[in-house]
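Trainee: Could we go through the backbone and the pocket of this model together?

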Amino acid sequence: MKSIIAPALLLLLTGCGIRTEVVRVNVPDIRVNPEQGTQVVVAPVRDNRSSEFLALVPASERARNVGGEIRNGNGINLALESATASEKTREIIIQALRNMGYRTVDHCDAQCLRLEASMNEFVVRAPFNFWRVAGWAQQMVADVSVEVTTREGDRTRSFIAKGHGTNVFQVVSPENWEKALERAVTDFTANFKQNMSAQDAATTSKAQD
């Protein structure tokens with residue numbers, strides 16, 4: 001099985017043009033929207049990713065792209081199955097909020113909590129590392145980074161939520177890309193919740209002063 005790694009990496013980047021592979025990213029811990037709880041409106045997520053890699057991807061696939069490896073006009077473009085990267089990020093944020101007890105709504109009154117987000121990263125790559133290849137431990141590396149701003153009345157707070165995931169692989173396949181991506185999404189979800197909880201605690205403390 002180890003002998004598969006080197007040829008598989010070469011196939012990523014030689015002689016095939018750019019091919020698209022479809023990957024699925026599951027939203028962690030899906031639960032029903034709470035009937036009670038602080039209401040929050042989640043705005044559509046802005047796609048603020050660097051254009052350096054996306055410029056290598058066919059224009060029709062850029063909104064759905066979540067990484068891959070492309071060099072010298074050859075390689076793999078990874079595209080989400082049924083959503084853009086921005087839409088998937090919004091789904092993940094909404095589910096994290098519901099798991100925290102928030103009720104997500106489309107509209108609310110002027111005093112409602114509102115959340116805006118800019119996606120800076122949602123990507124998985126298989127960066128070449130000689131020592132990892134030599135040790136049969138080549139990795140797929142995934143990262144999610146989102147700048148979040150919450151507004152309630154005249155109070156505004158911001159933070160950056162991040163997630164990181166890796167997957168040591170022997171076969172270049174959608175399933176292996178997905179493992180790294182889903183680990184990054186799980187890590188991102190935990191970091192998002194932690195940051196939101198810290199904001200809640202700071203708000204409560206300020207209100208009691």
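Mentor: Let us begin with terms: helices (H or I, at least four residues) and strands (E, at least two) are DSSP runs, numbered from the N terminus. A pocket, on a 1 Å grid over the protein atoms alone, is an open set of points where a 1.4 Å probe fits, with protein on both sides within 12 Å along at least five of seven lines; lining residues have an atom within 4 Å of a point. The model is predicted, so local features need pLDDT of at least 70 and side-chain atom pairs pLDDT 80 or more, while totals for chains, interfaces and linings use all residues. Residues are numbered from 1 along each chain as its sequence is written, and side-chain values use heavy atoms, without hydrogens and water.

Trainee: Which element gives the largest share of the lining of the largest pocket?

Mentor: α2 (51-54), β4 and β7 (113-125) each supply at least two lining residues. The largest share, 5 residues, is that of β7.

Trainee: What is the volume of the largest pocket?

Mentor: A volume is the space filled by probe spheres set on the grid points, which are joined across faces, edges and corners. For the largest pocket this space is about 230 Å³.

Trainee: Which residues of its lining are the closest to the centre of the largest pocket?

Mentor: The lining has 13 residues. The closest to the centre are Arg49, Ser50, Phe53, Glu121 and Val123.

Trainee: What is the phi of Asn72?

Mentor: Asn72 lies in the loop between β4 (65-71) and β5 (74-80). Most residues other than glycine have a negative phi. Asn72 has a positive one, near 55°.
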